[in-house]
Amino acid sequence: MRRPKLLCWVMLIVAMATITPSYPQDNSKVRVFFEKVYLHTDRDLYFSGEDIWYKAYLLNGQVNQLLNTSNNLYVELITPDAAIVDRKVIRLEEGLGYGDIRLSDSISAGTYRLRAYTNWMKNFGDNFVFEKRIEVSNDHAKLPKGGRVAPAKSFVAINDTGQKNILRFFPEGGSMLEGVAGIVAFKTEASNGRGGKVRAVVISNTGDTITSLESNDQGIGRFLLKPEAGLKYLVKGVINGKTAFTASLPEVLHTGFSIRTVNTDSAFVKVIISTNPATLADYKGHEMELRARHGGISYFSVRFPMNNPQAIAEIPKDKFPAGIAAISLADDKGRSHCERLVYIHSKNALKVNVSTTKPVYQSKERVVVTVKTTDLQNRPVKANLSLAAVDADIVREGRNNLMTYYMLESELRGEIENPRQYFDPANRDREKDLDNLLITQGWRDFIWKRMRDTSIVIKNRNETGFTISGRVTEKSSTKPVVGANVTLFASGSKGDKLFAATTNAEGRYYFDNINFDGNKVIKLVSTDSKAKKVGRLVIDSLYSPPFAINVLPAYKTESVLSIKFKTEAAKRKVAMDKFSLSDTIALKEVNVKGSKTLTIFGDVLTSFGYPDQNFVIGPKDYDYNSLTHYLMTNVNGALNPEDATADGVEFLSDGKRVRPIFIVNKRQDLFDRMDYYTLQMDQIEKITVRHMLGSTKMGLDSLSGMSTVKPGAHVYLIYLTLKPTAFEKKEFSLLNTSVNGYYQQRIFYSPVYPSAKSSTKTDLRTTIYWNPMVKTDENGLGTLYFYNADPKTKIRVEVEGVSENGVPGVGSATYEVK
């Protein structure tokens, strides 16, 4: 009686399914676009057990406008030794999204990286992948005698390679040219990775002092030099007033071109193209082209004959979006001679004003914050923002923000020391400092120039939802079933619930753009044209595999955490635990103690000292949609089968691939069963992978069950501890499983105190308030409130965000708690 009911159910689903997804697109015909993402975090310093709160902004990499091209954003926390300790997928809507990461109580101290990217960004290497440093401490430092505490100090990353001071020179436009006066910028890096203050003089090989030079505190500066024929130049001076140095200037070219720029408050960037008589003799009358690009897009171009040693052009700024523009000079054969970066300030900048109703509050008093967003003419602008209020005596100001990242850091190679200074109105030299930075760190290494020099191959699709995919094979082999009807019932998804697909020549099926949060149960069924159950269903992972991790040089930290942070953070962690319950369960690690020898099918194996790989499976592992996917991701040495259509994993033994042997619930299985590989992770409790050596004969043969293996051959055993329900399913054409969709963001806990005396609980929050979804209205206004914690301290309120047109802006305010 059950079979007819089941058949009717299958037919009903097929009849109701109206969504028929297409197969993956032909990437060769995809329009190329560029995405940038930025994460605003509540702070950069954390204690173990605390939460990282963040908001994501996805913008067009070329014009800095909010994008809705990708909905899946991968956010990862990477350990100091380049391992992913946490990975989540959050959903972006109209380019905006938010989430959080809980730092475990047992997390090791160190410098972590918070990384974010879309699947589409993988097509362009690491050029658009967002990363920021997160410092984590679990050190319970003690207060010094007398109770005096040190203020929070800036984080300093130190390259621990022992390298000496390095001084680099960057002629404006690319080269020093004989007989042509030009700017030479310079940048120094001390052995600790930071810039050092430079004072020096330029001396010719005849002993004459030509000019003097001095850098800013970051070790960046410039000087004017007109090289003469036959002379060479040295720079002699000191770094930080104590380290003497001598350095040679770059070689002077006999022929070539030079460009200088004058970028003031006027409506134009003046460009001066210069050459010398030797070059003019070869190029006189030739047509040259001056071009200016932003984000790889040409916004200005002019052609002119090179009839004189100098030519002047003016480039109107109003043609360009805000940010970095590249000005280049090419000849009539298309050969590029020199390039210069300039910064164009926004004519539609977003001003973010943050204010509180008074400058001083009491502990646990209600604070009212007003945010006002306007353009440069003080006209109101709607904006979408994120706000963090933190204890400024404990947490230092972050090294960057949304403005510095989008407009500067994401466009240049190398770390920019203190990027905020280039946008700080209090810095009177910010324009000069910014221009020097572009000559040095942007010198002939502009991100869009690299993109033009690289052939772009589109391999990764932009994801607008989850893709549920997999294969249908014959029940007893890996041979694909072609033309099978696969129906997906996703009751927990938002929008459509029923989907239908047909397997292709490889037996594969695809369901695109599925939207669901958290852990949801889905049902899959495969049938033939007569609605008869057919084949074995296998499901792939929902998630795109992680992007390759760049291993950074070894770093140590200097003055990372103030004594007050170390001391107070420990107290605040206890208080935090009282305010919110942990939503995670810490599972004890299970070690499978294996003997040195083991008998399998009558043959003796020895461990030979290879360590076991032990895994305790919990809810965090349910993202993996089969045992195959889990083994390939987590087990050292696991390889994809040589037969691309086969399930499972393989390992190397004397240069040859071998299949592992399963020991399931302490029972030895003779064959490498396919149905183990298709097990869902929620049916597995423990996994142990053992690497052993065969002492007599060991292996598997499809006919006899055994094959001779030379003594010493490598053998791999996979121990599985399964739940009793693991093999209850008898119908391989039916698949009921749970999958993890988008991460379900938690809400920041903000207590409410009717009065300071009404609560006896000690409140020691470091992040006083976090709100990722602050919006200003048509008047550009937004008002919100929160309550202070107990400590007498200074609170810093930082706001970052974008206008409804995607223009970035930042603002901040401070108040005291007494």
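These exercises work through packing, pairing and charge contacts in a predicted model.

**Exercise 1. Covered strand**

Task: Determine how many residues of strand E4 (residues 72-78) are buried, and which way they point.

Solution: 
- Start with the count. Seven of the seven residues of E4 are buried, so the strand is mostly covered.
- Sort the side chains by direction. Asn72, Tyr74, Glu76 and Ile78 point one way.
- Leu73, Val75 and Leu77 point the other way.

**Exercise 2. Neighbours of E4**

Task: Which strands pair with E4, and in what sense?

Solution: 
- Take strand E5 (residues 84-91) to begin with. E5 pairs with E4 in the antiparallel sense, over seven bridges.
- Ile78 has Ile84 as its bridge partner in E5.
- Look at the connection. The hairpin of E4 and E5 has five residues between the strands. Ala82 takes a positive phi there, near 65°.
- Now take strand E7 (residues 110-117). E7 and E4 run antiparallel and are joined by five bridges.

**Exercise 3. A charge in E4**

Task: Find the salt-bridge partner of Glu76 and say what the pair ties together.

Solution: 
- A search of the whole structure finds 36 salt bridges.
- In one of them, the side chain of Glu76 meets that of Arg87, at 2.7 Å from N to O.
- Glu76 lies in E4 and Arg87 in E5, so the pair ties together parts that are 11 residues apart in sequence.
- Check the burial of Glu76. Its relative accessibility is 0%, so Glu76 counts as buried.

**Exercise 4. Helix H4 and its contacts**

Task: Which residues of helix H4 (residues 430-440) are buried, and what do they pack against?

Solution: 
- Eight of the 11 residues of H4 are buried, and the helix is mostly covered.
- List them: Asp433, Leu434, Asp435, Asn436, Leu437, Leu438, Ile439 and Thr440.
- Find the partners. These buried residues pack against strands E10 (166-171), E12 (182-189), E15 (220-225), E24 (323-330) and E25 (336-344).
- Asp435 forms a salt bridge with Arg222, with the closest N and O atoms 2.5 Å apart.
- Asp435 lies in H4 and Arg222 in E15, so this pair ties together parts that are 213 residues apart in sequence.
- Compare the two ends. Asp435 is buried, with a relative accessible area of 15%. Arg222 is partly exposed, with a relative accessible area of 24%.

**Exercise 5. A loop-to-loop salt bridge**

Task: Locate both ends of the salt bridge between Lys494 and Asp517.

Solution: 
- The closest N and O atoms of this pair are 2.7 Å apart.
- Lys494 lies in the loop between strand E31 (485-489) and strand E32 (498-502).
- Asp517 lies in the loop between strand E33 (508-514) and strand E34 (519-527).
- The pair therefore ties together parts that are 23 residues apart in sequence.
- Asp517 has a relative accessibility of 19%. Burial requires under 20%, so Asp517 counts as buried.

**Exercise 6. Charges over rings**

Task: Which lysines lie over the faces of Tyr743 and Tyr753?

Solution: 
- Over Tyr743 lies Lys88, at 4.9 Å from the ring centre.
- Over Tyr753 lies Lys364, at 4.9 Å from the ring centre.

Terms used. Residues numbered from 1 in each chain as written. Predicted model: local features only at pLDDT ≥ 70, side-chain atom pairs only at ≥ 80, totals over all residues. Heavy atoms only, no water. Lys NZ or Arg CZ within 6 Å of the ring centre and 35° of its normal. Buried < 20%, exposed > 50% of the residue type's maximum accessible area, 1.4 Å probe, protein only. Helix = DSSP H or I, 4+ residues; strand = E, 2+ residues; numbered from the N terminus. Pairing = 2+ DSSP bridges. Contact = heavy atoms within 4.5 Å. Salt bridge = Lys/Arg side-chain N within 4 Å of Asp/Glu carboxyl O.
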